[in-house]
Structure formats: C-alpha cells, structure tokens
Amino acid sequence: MATLSHEMDWLFISEIRAKPQKEFASRNTILANLKKQYPKGQVSYWMRTEEPYLCDIIYVKENGRQTYVFANPYTGEIQGNANLTFQRFFRDLHYFLFMPFYQFGYLIVLSFAFLLLISFLTALFFYKKWWRKLFVLETKKGTLVFFRSLHRLVGLWSIPFSILFSVTGIWYFVERTNIADVRTKVNPKLPKLENTPANADSINLTYDIDYDRVAEVAQKAILNLRAEDMNVPGDYDSPVYVRGNSDVPLVRQRANRVYVDPYTYQVVGIQDAKKIGNTMWLNDIADPLHFGYWGGLVTKIIWFFMGLGISSLVLTGIWITLKRKALQRKKQHKAILGKWKFINWGIYLFMMVSMYVQLIVRYHTSNTGIAIISCGWIVFLLLTYYVFVYRLNRMVHTD
C-alpha cells in the first residue's frame, strides 16, 4: 500500500491531480499565489513529486498548525490542501506503526526484515529442487492441490523480492541503530552560513527568497541536475537545501545535494551523486529498491503485486500454523493462542492509541478523516476475526 500511496492520493484527492505539460511554472509565481492564501505561513519543505500527474506538495505551518498545500507545478495555481494524505498515513504506518517513541515502533518493523530473510532462505533449503517448480501449477488435481501449488509458485517467484525487501530492511535497521556509525556517515550535518546580513531578521525566509534563482544556481552546481525538492531554512544562518535527480541511475533525490545561501545565492555546499562513497551510495539506493519507484509507475505496480503476493504467503502461513497448533491444543484442552494473544492485543492497542494521538495532535485530522480511518480499521479487524478466529474455530471443531 505504501508503494502506491501517491497514486491513492491521486485517486481520492482531486485537488492533488495535475495535467502534465511541457513547461513548469515559475516557482516564484507559485509562492506568490501561496502567499495570497497563507500570508503568515512558514514553508519548511517543498516537494516536487517524481510523478508528473501530481501537484507539488508544500509543507506550510500557520498559527501553529501544519498543512500540506497542493500547488500545480505547470500552472502555478494553489489547488487545495490537506492535513493528512494517504502517502503520509501509510508512510507512518509502514515506517514505525505510529509508535515513534524511543524508536520502539521502528525496531518492531525493522526486526521483521530478519525474520523475512530467514523464512525464505529456510524455505529454499527445505524445498528440494525448487527450480523445477518455477513454471508448474497443478490445475487438474482438485482445489486443495491447486492452492498448494499456487502457494509454492507465488513463493518461488517472490524470492528475489523477499530477499530485496529484507536486505534493504536490514540496512534500515543498521542505519537506525547506527551500527558501525552508519547513521552518522549517511546524514551529514547541514552547513551553517558564516556571514549573514545585518538585516537578516527583517527578511521573510518563506516569501522573500528567489526560488527560481535558487533552482538555477543549484542546477549549475551539478551537471544535469534537475532541482526538485527544497528544504526552506527555519533560521537565519541556514542555507536552502536543494536536492534532485541527475543522470546517475537508481539513487534517490537526496544523493544530490546543493546548499544555497538565501542572501547571496552562492553555493555553500555540494554533494554530487557521482562522487559519493560506497556507504552513502548504498543508503541512497535503498529507498528506490525497497519501494520500487526507481522505474516510475511500472515498477511501482510490479512491486505492489509482488508485495501483495508475499503478504498472501504470510497470511496463509499464519493460517496453516495456527490450524496445526489449534488441533494440538484441542487435544490438550488449551486455548489456540494461549497467553500470546494478550501480547498481540497489547501491542495492537498501544499502536491504535498512539495512532489516534498523532492523527489528532500532530495532523489535526478532521472528524471525517478520523471516521474513515476508524471504519477501515473496523473492517480490517472484522475480517481478521472472521478468518483467524471464527473460521479457524469452526474448522478445528469440525476436524
């Protein structure tokens, strides 16, 4: 879901849609239009999405609240805004389960990268001569044999993606826990401006910057750079941080960094993707490979379906294991999950409470948004109960 979250924004949020054109509007024109609607707004981040059918997303904070403003990059018009998008929701859910406290959620998610790798490597070890089954799907031996064959076929074709997802997940774990000082190496500190003008405090860092000039300066600093995302400084001694794609394949935008002085429009720092070290390069290819956006919409769709296949394998694996354990516990007159169910529900309850706190406090989500999200979780829980409790109990008692 996180892989196609931008496309879900396009599908459900009409204001975020843009019709691709040959030329982009002036960034200064966009900011002039933004100022009309948010005269006291402070811009912290300007994201020019890699999808040509989406608007720019500008992070604006006004009166203590942050909102995501949708600016058409071709016409310069401000088309709408939202406090929460599908992309942000699924990013937070996938990234840290809405539990950012003391890295608790991050480490829960990232620990599963190790389990995913182990599960598929052991499957290859126990499934002898698996390569002979790459094109075998039994269709004439009954329903049970068909689904077993389908399960194996999906599993075999998912192996490269499972290894890719798990290895990149393990890399995220290494970065997050700063093993071998990796996190420090791949996140260089923002350079500080040595000389700021005497009247710096009278300059509006959001609306007085010439963004067209910043983009032009940045693009001259790195060969074939397309200036895309910008971090707007929040203080008077920080530069504008520009990033974007060049002709270096596979790396994300952040592999190219240009820091521009917002007062003199001089370059004060450069990171060229062609000249980065191995550690930085590995870090900058992890996201495109993990989420599949390195090849545009086509690869994102492929990644989505392969991820869906892996998820189906996980669910059917859970079902098979629970059924086997349930039959064993039935003979011993014990509950199916035992005490583990309390741990499962405890973590889930903590996640849900944390999610609602963030939706309300951080994102200021509307009542309608809260209701939609709640309905989605209710449907999810009902399906989970039906499949893994009701259906499982019926099958166990039938057997």
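These questions and answers cover a predicted model of a protein.

Reader: How many helices and strands are in the protein?
Author: The model is predicted. Its C-alpha trace spans about 80 × 45 × 40 Å along the principal axes. The secondary structure of the protein comes to 11 helices and eight strands.

Reader: What percentage of the residues count as buried?
Author: Buried means under 20% relative accessible area. The protein has 399 residues. The share that counts as buried is 42%.

Reader: What part of the accessible surface belongs to carbon and sulfur atoms?
Author: The accessible surface of the protein is about 23,000 Å². The part from carbon and sulfur atoms is 63%.

Reader: Among contacts between residues at least 6 apart in sequence, what percentage join residues at least 24 apart?
Author: Contact here means heavy atoms within 4.5 Å. The pairs considered are at least 6 apart in sequence. Those joining residues at least 24 apart make up 60%.

Reader: At what angle do helix H3 and helix H10 pack?
Author: H3 covers residues 86-96, and H10 covers residues 340-362. Their axes are 12 Å apart. The crossing is right-handed. The packing angle is about 140°.

Reader: Which residues make the contact of H3 with H10?
Author: The residues of this contact divide into six nonpolar, one polar and three charged. From H10 come Met351, Met355, Gln358, Leu359 and Arg362. From H3 come Arg88, Phe89, Asp92, Leu93 and Phe96.

Reader: Is serine 166 buried or exposed?
Author: Serine 166 lies in helix H5, residues 143-176. Its relative accessible area is 0%. The cut-off for buried is under 20%. Serine 166 is therefore buried.

Reader: What distance separates the C-alpha atoms of lysine 129 and proline 20?
Author: Lysine 129 sits in the loop between H4 and H5. Along the chain, lysine 129 and proline 20 are 109 residues apart. Their C-alpha atoms are separated by 49 Å.

How values were computed
Residues numbered from 1 in each chain as written. Predicted model: local features only at pLDDT ≥ 70, side-chain atom pairs only at ≥ 80, totals over all residues. Heavy atoms only, no water. Axes fitted to C-alpha atoms, helices over the stretch in contact; angles between N-to-C directions. Helix = DSSP H or I, 4+ residues; strand = E, 2+ residues; numbered from the N terminus. Left-handed = near helix turned anticlockwise from the far one by under 90°. Nonpolar A, V, L, I, M, F, W, Y, C, P; charged D, E, K, R; others polar. Buried < 20%, exposed > 50% of the residue type's maximum accessible area, 1.4 Å probe, protein only. Areas by Shrake-Rupley, 256 points an atom, 1.4 Å probe, with all protein chains shown as cover.
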